[in-house]
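Dear colleague,

I am handing over the structure below, together with notes on what was found in it. Please read the two side by side.

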Amino acid sequence: MKKVALITGSSRGIGRAEARKLAEDGYAVCINYIERKDKAEELVAELTEKGYEAMCFRADVSKSEEVNAMVKAVEEKLGHVTLLVNNAGIAKQCLFQDMTEEYWQHMFGVNLNGAFNTIQAVLPNMLHEHAGCIINTSSIWGMHGGSCEVAYCSTKHAIIGLTRALAQELAPTHIRVNCVAPGVINTDMVQVLGEETLEMLAEETPVGRLGKPEDIAAVVSFLASDAAEFITGQVITSDGGFMK
Ligand code: NAD
């Protein structure tokens, strides 16, 4: 069966590294983006030049109609999605008492409903084929608490629940569902913390550095591989030993 991967939020950061790695692994890849069309097209050009099959598509993962249109386009251009990587996410900090309902709904809309929408869209064909792989993205904050991160932590805890329950439900159909839980990875998302804090976090990380997007792409590549065919419902942390 042709290997086709859809990676959400992959014009930059962790998703970009995942798209590159999965293309190297032999997947035709769809790079999903919401705002940086130029970066997505640049990645498609880079991969195509190397002889890989790639396309990009703009879709807000929190909107089911946009996700459905994206999956239809992928199926028409590349084929049925055999690997879904739910990477798109947003992170914001605020005190719980200052949190508006809109803020809460937006965070859940992207980080949790986004995964619901994409899984719903790709699942019918995976069920038909009795094969498929879904990899969600949680965080170390999906297993621990973080001050000023109540909404983000809640969505990332929920992603783990979704992963574990869906893995149980889909296991008899040979569709695997796993989750990667990154530690502090040096991407645009964490720049809001400031240089000083990032340096401090690197020092606090037992391996002595922040994570790179490629560290997470390597985990995703493994979870998607045949070597992981007996692994489902798991959360794999990659954090340089940050959480003891
Ligand atoms: P990033 O901000 O660089 O990338 C996030 C991507 O998601 C961007 O391309 C963004 O455009 C996209 N996105 C946001 N909202 C979207 C939407 N509605 N529809 C489609 N795409 C959307 O951050 P990153 O560090 O690469 O994060 C990737 C994932 O890893 C996220 O789910 C994040 O929560 C998770 N994560 C990151 C870290 C970290 O330290 N960087 C740690 C733990 C977990």
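Two strands are taken to pair if DSSP finds at least two bridges between them, where strands (E, at least two residues) and helices (H or I, at least four residues) are DSSP runs that are numbered from the N terminus. This is a predicted model, in which local features need pLDDT of at least 70 and side-chain atom pairs count only at pLDDT 80 or more, while totals for chains, interfaces and linings use all residues. Residues are numbered from 1 along each chain as its sequence is written, and side-chain values use heavy atoms, with hydrogens and water left out.

I begin with the sheet. Seven strands make up an open sheet with parallel pairing, in the order β3-β2-β1-β4-β5-β6-β7. Its edge strands are β3 (54–58) and β7 (235–238), each of which pairs on one side only, and the twist from one strand to the next averages 20°. For this and the other angles below, axes are lines fitted to C-alpha atoms, for helices over the stretch in contact, and angles run from 0 to 180 degrees between N-to-C directions.

Strand β2 (residues 28–33) runs parallel to β3 and is joined to β3 by five bridges, with Val29 standing opposite Ala54 in β3. Helix α3 (residues 64–77) packs on the sheet, where α3 touches β1 (4–7), β2 and β3, and the direction of α3 makes about 160° with that of β3; contact here and below means heavy atoms within 4.5 Å. Helix α5 also packs on the sheet, touching β4 (83–86), β5 (132–137) and β6 (175–182), and the direction of α5 makes about 175° with that of β4.

Strand β4 deserves a paragraph. β1 and β4 run parallel and are joined by three bridges, and Leu84 in β4 is the bridge partner of Leu6. On the pairing with β5, β4 has four bridges in the parallel sense, and Leu84 stands opposite Ile134 in β5. Leu83 and Val85 point one way from β4, whereas Leu84 and Asn86 point the other way, and all are buried, a term that means under 20% relative accessible area, with exposed meaning over 50% and partly exposed in between (1.4 Å probe, protein chains only).

Next come the helix contacts. The axes of helix α1 (residues 13–24) and helix α2 (residues 37–49) come within 11 Å and cross at roughly 20°, and α1 and α2 are therefore roughly parallel to each other (angles under 35 degrees count as roughly parallel, over 145 as roughly antiparallel, 65 to 115 as roughly perpendicular and the rest as oblique). In this contact, Arg16, Ala19, Arg20 and Ala23 in α1 meet Lys39, Glu42, Leu43, Glu46 and Leu47 in α2. By class, the contact of α1 with α2 holds four nonpolar, no polar and five charged residues, where Ala, Val, Leu, Ile, Met, Phe, Trp, Tyr, Cys and Pro count as nonpolar, Asp, Glu, Lys and Arg as charged, and the others, Gly among them, as polar.

In helix α4 (residues 101–111), the buried residues are Tyr103, Met107, Phe108, Gly109, Val110 and Asn111, and the buried residues of α4 pack against α5 (113–129) and α6 (150–170).

Some loop residues may also interest you. Gly89 lies in the loop between β4 and α4 and is partly exposed, at 29% relative accessibility. Not counting residues up to four places away in sequence, Gly89 touches Val110, Asn111 and Met189; Gly89 and Ala115, which are 26 residues apart in sequence, are 9.7 Å apart in space, C-alpha to C-alpha. Thr205, in the loop between α7 (195–204) and α8 (213–224), is buried, with a relative accessible area of 4%, and Thr205 touches Asp239, Gly240 and Phe242, again not counting residues up to four places away in sequence.

Finally, the backbone angles. Most residues other than glycine have a negative phi. His130, in the loop between α5 and β5, has a positive phi near 55° and is partly exposed, with a relative accessible area of 45%. Cys148, in the loop between β5 and α6, has a positive phi near 65° and counts as partly exposed at 28% relative accessibility.
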